[in-house]
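Trainee: Hi! Could we look through a structure together? I'm new to this, so please keep it plain.
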There are 2 protein chains.
Amino acid sequence: MKRYEALAADIEASIRAGVLRPGDRLPSVRHTCESRGISASTVFQAYYLLEARGLVRARERSGYYVSEGARKRPPEPDLASQPQDASIAVDVSDLVFEVLEASMTRDVVAFGSAFPSPLLFPLARLGQAVAASAQALDPWSTVDDLTPGNPALRRQIARRYLADGLQVHTDEIIITNGALEALNLCLAAVTRPGDSVVVESPTFYAALQTLERMGLQAIEVPTHPREGIDLAALEHAIARHRPKACWLMTTFQNPLGSLMPEAKKQALVDLLTRHGVPLIEDDVYAELYFGDKRPLPAKAFDREGLILHCSSFSKCLAPGYRLGWAAPGRFARAVARQKLTTTLGASAPVQLALATYLERGGFDKHLRRLRHTLAAQQARFTEAVGEHFPPGTRATRPAGGYFLWVELPQGVDALRLHQQALQQGISVAPGPIFSASRGFANCLRLNYGHEWSARSEQALATLGRLARAG
Amino acid sequence: MKRYEALAADIEASIRAGVLRPGDRLPSVRHTCESRGISASTVFQAYYLLEARGLVRARERSGYYVSEGARKRPPEPDLASQPQDASIAVDVSDLVFEVLEASMTRDVVAFGSAFPSPLLFPLARLGQAVAASAQALDPWSTVDDLTPGNPALRRQIARRYLADGLQVHTDEIIITNGALEALNLCLAAVTRPGDSVVVESPTFYAALQTLERMGLQAIEVPTHPREGIDLAALEHAIARHRPKACWLMTTFQNPLGSLMPEAKKQALVDLLTRHGVPLIEDDVYAELYFGDKRPLPAKAFDREGLILHCSSFSKCLAPGYRLGWAAPGRFARAVARQKLTTTLGASAPVQLALATYLERGGFDKHLRRLRHTLAAQQARFTEAVGEHFPPGTRATRPAGGYFLWVELPQGVDALRLHQQALQQGISVAPGPIFSASRGFANCLRLNYGHEWSARSEQALATLGRLARAG
């Protein structure tokens, strides 16, 4: 445990024990530095973490105070899911579309959305980069920057891998139209119709739609809301169902927000290597961590080119630009060929624009602000869920991303709640769209990536009221 | 026949008959106006057409002269292809990639390329539109302009349909990452693995690669180098093999350059409607016509929403921007859903940029210049083929686009010629990559969409020498 984590744990314990009560002021930074013999930045890190967890709030020019809602947060779900042990055909896409299409209007309170607020992103600075690069575009790049993609952008991505301690060569990186395309191409490169693929339970509905579209079967494996997929269950599923691939989110899983610890990621890679099963690693939320560093992907432990790592700029920098990438290990050539016969390449001026933005700097500064905003919004959101939702409600406390997974009391019907909420102008993502077996009947995924406001509070109160009635 | 066509035909007859000989000056425009009682613009249209056909050349400030090469042009191929009457599994993708990857360097003479020179496009003006729109981007468009796409761009596309006499509603149009994605999504919307699909013989290799990737079988149907697919053979193939779709290029087919006359397109639509077979119409070259107006697509005759029309800006305006669209008739919703589970949307700033460019005007002016350039390059190119290639060579004379289909004498091995030519720094597209049965062993597709120069002439002389030796 790091120093700032130890300090945060001590303060949290004091709050839980009632030594510090809602409204109490935390010791000043200077005082804590002196009493603990640690630096001011360490104290600030601890206070930020507590803020992210919703336990304290900063008041301008005054210091940090224990939150009013600190003790009202709902408990976390703490049991792994229990999907059936089977390889099943997927038939959930129509339901997903029904739910999503119903929610697609601008004026709804977008708790069901998959996207954070676009206002969180440096669109003006990106626009400057687009403007500069569009007018400097080498005409031949319109041909040369087709798949695998613009070399400067691929080099920037490789440098970010390197900064995180991963050796991913520029040549391995294939630029795609967002991470969803990268995931699709990777899956197509390692499977054929009729094959089985392991997914988490619950899992991102687009993964299920992709399996359905490609005629693949799903093996849903028990997944813990904090630590991700159960490795013993995974090994059993591999032995029994012989999947051709796994599609997992090891960091800030959608919808759970679970984060596999590094040692578990290492064990996952060892397990998959032993069985020769490729892992398609959907890693689009990793930059949105609330801790002190980017969680390593499973890819960091890969020695045999078995991990097809997919990510994008859509959640952390440039929503709507539709630029992502795959680093598909030994499958790079097969993935590039998939892209060459489907969408050929990503847009040349946009590729150059993002390369230009990344070269100019400012990305990390933007990310720090974004993470802090999301962490603070999670805190507000979680407290409001605790305040308004019925007794027995549980909610995850992800260490990154912008989704909360809420388990309502047994008997609440999330699909009905979704419809009732829509009539009140509120969208939610009901649990059944996250599973091939349409489980999680009493669960919701809520998006806290939009600005917290009185309207959000009111909408959560409405949801709570509907859930109590349901 | 239009007045300018009649005039052009008369002059061509005079040249063929030897009344006008190479080097002779054509009657002046003023003289012809008076003698025929027609307008100057009609005379210019006729002279442009003759220039496009390689029969005359303009000399600055001096007038039009009968080309030196006018009588040396190779004859056109005039027989429809004779593929076997079968539905066959496709296994040609690796060969296509081998050929294409070998050709992918900037310094090769790119006769094998699928792309025209990027220098032919208004990239500077497009860059201005990109710059303006990137900085004016509504943040919420990053979500709202996902599939089906930016409303202003879709309206501009619908207006162009309308100008050509087609009623295609904005709501039917789905923006894609280039036409290739549109074609892929449309095919996925109307087929399942194992189904059969009709293609022309020869056909665009990417269509074959798509069939192979999706586990579809190909029915290759006899196709005439001037007038496109044989309708009697098509009806027979439909009755015998029960295809789930046709994938055809009715205008300036790749690789033949064939153009189905309008009456034949009408008959094609009638035939497909009778049998309930959807047509995926790949129409990416139609704007590159050398005649007086854009040839109508088969879509113009569709009354039942059975034609899935696909096109893009990649060949006529903005190469490398990767923006295309589908107008999939009654399959629009299914196609949109395919896109939502694969690439989600096209890049928002690029969509807005093209909408902005189209609103500002200048597209039609650019197109007129582009068409004239390509027509003139076809003429030079065809004459050089006639000059340098061995006796017995035939070459198509497409009325648009930038591809020539060349039939070399029997016994010439185009795949070997491709390899020998590469060693001399010249790429070609050998016939066998255009057919599931690897036919067309003695054929080449040559790209005349790059600036004509002494180097091009030299490269064609080298190809001719290799073909004579082979």
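Trainee: Okay, how many salt bridges does the structure hold over all chains?

Mentor: This is a predicted model, so keep that in mind throughout. Over all chains, the structure holds 33 salt bridges.

Trainee: Can you show me one? Which residue does A:Arg160 meet in a salt bridge?

Mentor: Its partner is A:Glu287, with 3.4 Å from N to O. A:Arg160 sits in helix α7 of chain A, while A:Glu287 is in the loop between β10 and β11 of that chain, so the pair ties together parts that are 127 residues apart in sequence.

Trainee: And is A:Glu287 buried or exposed?

Mentor: A:Glu287 counts as buried because its relative accessibility is 13%, and the cut-off for buried is under 20%. A:Arg160 is partly exposed, at 23%.

Trainee: Nice. What about chain B: which residue forms a salt bridge with B:Lys293?

Mentor: That would be B:Glu262, where the closest N and O atoms are 3.4 Å apart. B:Lys293 lies in the loop between β10 and β11 of chain B and B:Glu262 in helix α11, so this pair ties together parts 31 residues apart in sequence. Both ends are partly exposed: B:Lys293 has a relative accessibility of 41%, and B:Glu262 has 35%.

Trainee: Let's go to where the chains meet. How many salt bridges are there between chain B and chain A?

Mentor: There are four salt bridges between them. In one of these, A:Arg337 pairs with B:Asp94, with the closest N and O atoms 3.1 Å apart. The pair crosses between chains, from helix α12 of chain A to helix α4 of chain B. A:Arg337 counts as buried, at 14% relative accessibility, whereas B:Asp94 is partly exposed at 46%.

Trainee: What area is buried between the two chains?

Mentor: About 4600 Å², and carbon and sulfur atoms give 65% of that. B:Arg106, B:Arg337 and B:Thr341 supply 14% of the area that chain B buries against chain A, more than any other three residues. The contact takes 50 residues from chain B and 51 from chain A.

Trainee: New topic: how many residues are in the largest nonpolar core?

Mentor: It has 292 residues, and those with the most contacts inside it are A:Leu234, A:Leu446, B:Leu234 and B:Leu446. Leaving out residues up to four places away in sequence, A:Leu446 touches several residues, including A:Phe111, A:Phe381, A:Tyr402 and A:Leu463. As background, in soluble globular proteins, nonpolar side chains tend to be buried together.

Trainee: One more leucine! Where is B:Leu308 placed?

Mentor: B:Leu308 is in strand β11 of chain B. At 0% relative accessibility, B:Leu308 counts as buried. Not counting residues up to four places away in sequence, B:Leu308 touches, among others, B:Cys186, B:Pro278, B:Ala327 and B:Phe331.

Trainee: And B:Asp145, is that residue buried or exposed?

Mentor: B:Asp145 counts as buried, with 5% relative accessibility. B:Asp145 lies in the loop between α6 and α7 of chain B.

Key: Residues numbered from 1 in each chain as written. Chains lettered and ligands numbered in written order. Predicted model: local features only at pLDDT ≥ 70, side-chain atom pairs only at ≥ 80, totals over all residues. Heavy atoms only, no water. Core = buried A, V, L, I, M, F, W, Y, C linked by side-chain atoms within 4.5 Å. Buried < 20%, exposed > 50% of the residue type's maximum accessible area, 1.4 Å probe, protein only. Contact = heavy atoms within 4.5 Å. Buried area = accessible area lost by both parts, 1.4 Å probe. Salt bridge = Lys/Arg side-chain N within 4 Å of Asp/Glu carboxyl O. Helix = DSSP H or I, 4+ residues; strand = E, 2+ residues; numbered from the N terminus.
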